[in-house]
Amino acid sequence: MERNLTALADLASARVGGRAVATNDDFFAPMSNLIKAEPAVFIPGKYTARGKWMDGWESRRQRTPGHDWCVVELGIRGVIRGVNVDTRFFTGNYPSHCSIEALDVHEAKGPRESFRTKRETRISILGRAIPKKATRDPQAGPWTTILEKVALRGDSENLFAVKDSRAWTHVRLNIFPDGGVARLRVYGDAEIDWTRIARSKGVLDLASIVNGGLVLGASDMHFGAKDNMIMPGRAKDMGDGWETRRRRGPGHDWAIVRLGAPGAIGRVEIDTNHFKGNFPDSASIEACFKPGADLDEATNGSWAELLPPTKLRASHRHFFSKELRQVGPVSHVRLNTFPDGGISRLRVHGTVAPA
């Protein structure tokens with residue numbers, strides 16, 4: 001289960017626009033830490049005016065009945081397949097249990113929801129106000145429980161599968177009774193109305209993680225994760241890209257991306273931003289049409305050359321359109337780098353193929 005879950009997109013990550021929007025208490029450490037993309041760290045001897053500095057969300061000790069909670073707005077509306085309630089570095093101060101509820105405001109006709117600060121008395125959801133106490137009650141308001149109350153381990157990753165197949169825009173992490181959580185990862189699939197997009201014939205980056213793209217696999221990720229290539233925006237530094245180790249034998253490196261939806265590709269961008277002495281000498285792109293295929297199925301599929309082997313430059317945005325070959329609709333692309341090195345971003349612009 002762990003391998004399958006963590007291979008999916010983190011819908012709550014700050015990198016894709018996720019944000020913690022409300023909590024009843026974050027006395028010791030702010031709720032914003034929950035959705036940081038990078039792993040939590042521990043700094044011995046570092047304190048604040050309120051106590052030990054912790055890289056997570058931490059509430060004060062409960063002295064009255066009830067439990068603590070935090071609401072997270074997902075950066076990508078989607079179907080949640082599983083969660084990781086990571087209590088790393090929280091040892092004698094982690095919650096004993098947690099539960100998770102979810103909310104979807106995608107179909108709201110009124111103003112978009114706004115979760116106000118913990119000091120305010122009411123929260124507006126779906127354009128109507130509800131008592132703040134409803135955020136504490138799993139049975140009240142529009143919240144739906146997607147993970148029943150479960151025990152947590154301290155200083156550990158706590159992975160749980162979610163079986164509900166509906167799409168959500170927000171989650172509420174409930175911790176019992178109080179304590180600290182380093183990170184909340186919400187793994188799932190983006191929910192996108194591709195039929196409407198196909199009718200519009202608009203061009204978009206079909207490989208982007210916010211459009212449902214997913215890097216299924218890569219030959220090597222020694223210096224940089226494969227998923228970095230399809231994140232929003234340009235890379236902030238060399239660590240924000242996909243980088244392989246130095247190849248000492250024959251062959252070349254590669255990464256396979258499943259597009260958010262099959263489409264006709266009109267332009268490709270390969271960005272080597274920040275990679276100067278370690279960018280690939282050249283690259284090529286292959287494409288196949290096998291909608292829904294996993295890594296093994298795609299690897300064994302029939303691949304056609306979309307972009308012939310092409311020289312790359314250091315720290316440069318390379319755009320290709322005329323160079324692309326006509327291969328018909330595409331569901332997956334394979335980026336080949338020769339022989340190795342770093343790519344900061346891969347963009348695959350096209351129009352969605354009719355269903």
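Helices (H or I, at least four residues) and strands (E, at least two) are DSSP runs, numbered from the N terminus. With that in hand, here's the overall picture: the protein chain has 3 helices and 24 strands. This is a predicted model, where local features need pLDDT of at least 70, side-chain atom pairs count only at pLDDT 80 or more, and totals for chains, interfaces and linings use all residues. Residues are numbered from 1 along each chain as its sequence is written, and side-chain values use heavy atoms, with hydrogens and water left out.

**The chain as a whole**

- Of the 355 residues in the protein chain, 52% are buried. Here buried means under 20% relative accessible area, exposed means over 50%, and partly exposed is in between (1.4 Å probe, protein chains only).
- Take the contacts in the chain with a separation of 6 or more: 78% of them join residues 24 or more positions apart. A contact means heavy atoms within 4.5 Å.

- Searching the whole structure turns up 2 aromatic pairs. One of them is Phe27 with Phe28, an edge-to-face pair at 5.0 Å centre to centre, with 85° between the planes.
- How does a pair qualify? Rings of Phe, Tyr and Trp (its six-membered ring) pair if their centres lie within 6.5 Å; planes under 30 degrees apart count as stacked, over 60 as edge-to-face and the rest as tilted.
- Both partners are partly exposed: Phe27 has 23% relative accessibility, and Phe28 has 26%.
- Phe27 also has Arg50 over its face, at 4.2 Å from the ring centre. Elsewhere, the charged end of Lys52 sits over the ring of Tyr47, 5.7 Å from its centre. The rule is that NZ of Lys or CZ of Arg must be within 6 Å of the ring centre and within 35 degrees of the ring normal.

**Pockets**

- On a 1 Å grid over the protein atoms alone, a pocket is an open set of points where a 1.4 Å probe fits, with protein on both sides within 12 Å along at least five of seven lines; lining residues have an atom within 4 Å of a point.
- The largest pocket has a volume of about 1,200 Å³. Grid points are joined across faces, edges and corners, and the volume is the space filled by probe spheres set on the points.
- Its lining has 46 residues, and Thr6, Ala7, Leu8, Tyr187 and Asp227 lie nearest the centre. Helix H1 gives the most, with 4 residues. Other elements that supply at least two residues include strand E6 (68–86) and helix H3 (295–299).
- By type, the lining of the largest pocket splits into 19 nonpolar, 7 polar and 20 charged residues. Ala, Val, Leu, Ile, Met, Phe, Trp, Tyr, Cys and Pro count as nonpolar, Asp, Glu, Lys and Arg as charged, and the others, Gly among them, as polar.
- The second largest pocket holds about 300 Å³ of space. It is lined by 15 residues, and Phe28 is one of those nearest its centre, along with Glu58, Arg61, Gly92 and Asn93. This lining divides into 4 nonpolar, 6 polar and 5 charged residues.

- Most residues other than glycine have a negative phi, and most peptide bonds are trans.
- A cis peptide bond joins Phe176 and Pro177, with omega about -15°. Pro177 is in the loop between strand E12 (167–176) and strand E13 (180–181).
- The bond from Phe338 to Pro339 is cis as well, with omega near -10°. Pro339 is in the loop between strand E22 (330–338) and strand E23 (342–343).
- His274 isn't a glycine, yet has a positive phi of about 80°. You'll find His274 in the loop between E18 and E19, where it is partly exposed at 27% relative accessibility.
- Ser315 is not a glycine either, and its phi is positive at about 40°. It lies in the loop between strand E20 (304–311) and strand E21 (317–320).

**Two residues and their contacts**

- Is His349 buried or exposed? It counts as buried because its relative accessibility is 16%. His349 sits in strand E24 (residues 345–352). Beyond its neighbours within four places in sequence, its contacts include Val203, Asp205 and Arg267.
- Asp281 lies in the loop between strand E18 (253–271) and strand E19 (282–288). Leaving aside neighbours within four places, Asp281 touches Thr310, Lys311, Leu312, Phe338 and Pro339. Asp281 and Phe338 are 57 residues apart along the chain, but their C-alpha atoms are separated by 5.8 Å.
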